Amino acid sequence: MNKNIVVLGSQWGDEGKGKIVDLLTMEARAVVRFQGGHNAGHTLVIDGETTALSLIPSGILHDNVECFIANGVVVAPRVLLDEIAMLAKKGVNVAGRLHVSLACPIILPSHIALDLAREKSLGAAAIGTTGRGIGPAYADHVSRRGLRLGDMRNPERFTEQLKSLLEYHNFILQQYYQQPAVTLEDSIAATLAHQEALNPYLSDVVQQLAELRANKQSILFEGAQGTLLDIDQGTYPFVTSSNTVSGAISAGAGFGPCYIDEVLGVTKAYATRVGGGPMPTELQDSVGEHIAKVGREFGTVTGRPRRCGWLDLVALKHAVHINSITGLGVTKLDILDGLSELKIAIAYELNGKRINHFVSQAEELALCTPIYETLPGWSEITYGLTSWDALPKNAQDYLNRISDFLQIPIHILSTGPERHQTIIIKHPLT
């Protein structure tokens, strides 16, 4: 029986979705990115070799799988071509297997300049973007003045539209931010100059996905960033510029919500966050430093250090609700090995009152103090284990408590970066 599933982050991103997608892709026919841009990185470790992806779906390492970048993804043409070239050097052939929507908004050099200028102007109040132009590109798209990949098929018209858009961008850069203008030549070099190389990959992704579904082929939708960074449902304004939740698939890939069979929410066994914004369970002590060091908590794309803390079940329950998550994929359990005790947040205290629900208003969330439940840790090593029964009892109890609190099962447990270092309790696609 074919099934269509979603794999997405249920925290603030960086949950290890790439490994889970790569693992599940062995039972899928297609993998689809439906939002975000090259600000989202997925790291895959296969037989000791590491591959870092930022745009192309994680399923690309499987020869018989088709990969799609749908219209909800913003694309910098040169970045995409560089990633294709990187994979080619590794012996991964993407020709005929990678399909990019004609409707993808284009990231221009001026978008990057605007992104950097805005962050600089905010100073200490900066959101913590990656500076890759993602937000300004989405802003132009929503304002209906942006350019899309399909527009490059008419170079003359594209150039005229680009000139007009640059006038607007340069006015803001020079007059508001007091930053240098971006030239038309640089913008052409970053976009139209790559049209011929990109053309073989451009297609009508919505129609292709409809045909796959009609032929009863299993499709896996790969989320970028995490639920709590959703532009509408996250800790605004410390969020990303796209909708990261499962409902975004309908708009970002043109795939109806009733066609989704399973939603797998990926979460670390603890919590991390990159950039600004509130994080109730953040640890600024030796335990937090230990988790960051052992977990190698640095961004795939940016290299930025991640803030670390105890697992926040209040936030996770919020993610379960708004995504209709049917099962969990828990990663990095082995990072907790050796800790004498573990804590999980089961509620917050806000203005002297206990609250059991997540607060998405950043100002209020910053005032929330977590109410913890303490569980015993374990001294045994869980790294690389492939059987539930081989887990220490305290590790089993920790995972069972998470599942009981959220009232959903754990389907997959990752015990290391390699594909085989996984415990599959229930495979979402089989």
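Modeller: Helices (H or I, at least four residues) and strands (E, at least two) are DSSP runs, numbered from the N terminus. This is a predicted model, where local features need pLDDT of at least 70 and side-chain atom pairs count only at pLDDT 80 or more, while totals for chains, interfaces and linings use all residues. Residues are numbered from 1 along each chain as its sequence is written, and side-chain values use heavy atoms, with hydrogens and water left out.

Biologist: How many salt bridges does the structure hold?

Modeller: There are 13 of them, each being a side-chain nitrogen of Lys or Arg within 4 Å of a carboxyl oxygen of Asp or Glu.

Biologist: Where do E160 and K163 lie?

Modeller: Both are in helix 5 (residues 155-176), three residues apart, which is about one turn of the helix, and their side chains meet in a salt bridge at 3.6 Å, N to O.

Biologist: Changing topic, what does E297 form a salt bridge with?

Modeller: Its partner is R306, with the closest N and O atoms 2.7 Å apart. Salt bridges that share partners join D14, K268, E297, R306 and K332 into one network. E297 and R306 are both buried.

Key
Buried < 20%, exposed > 50% of the residue type's maximum accessible area, 1.4 Å probe, protein only.
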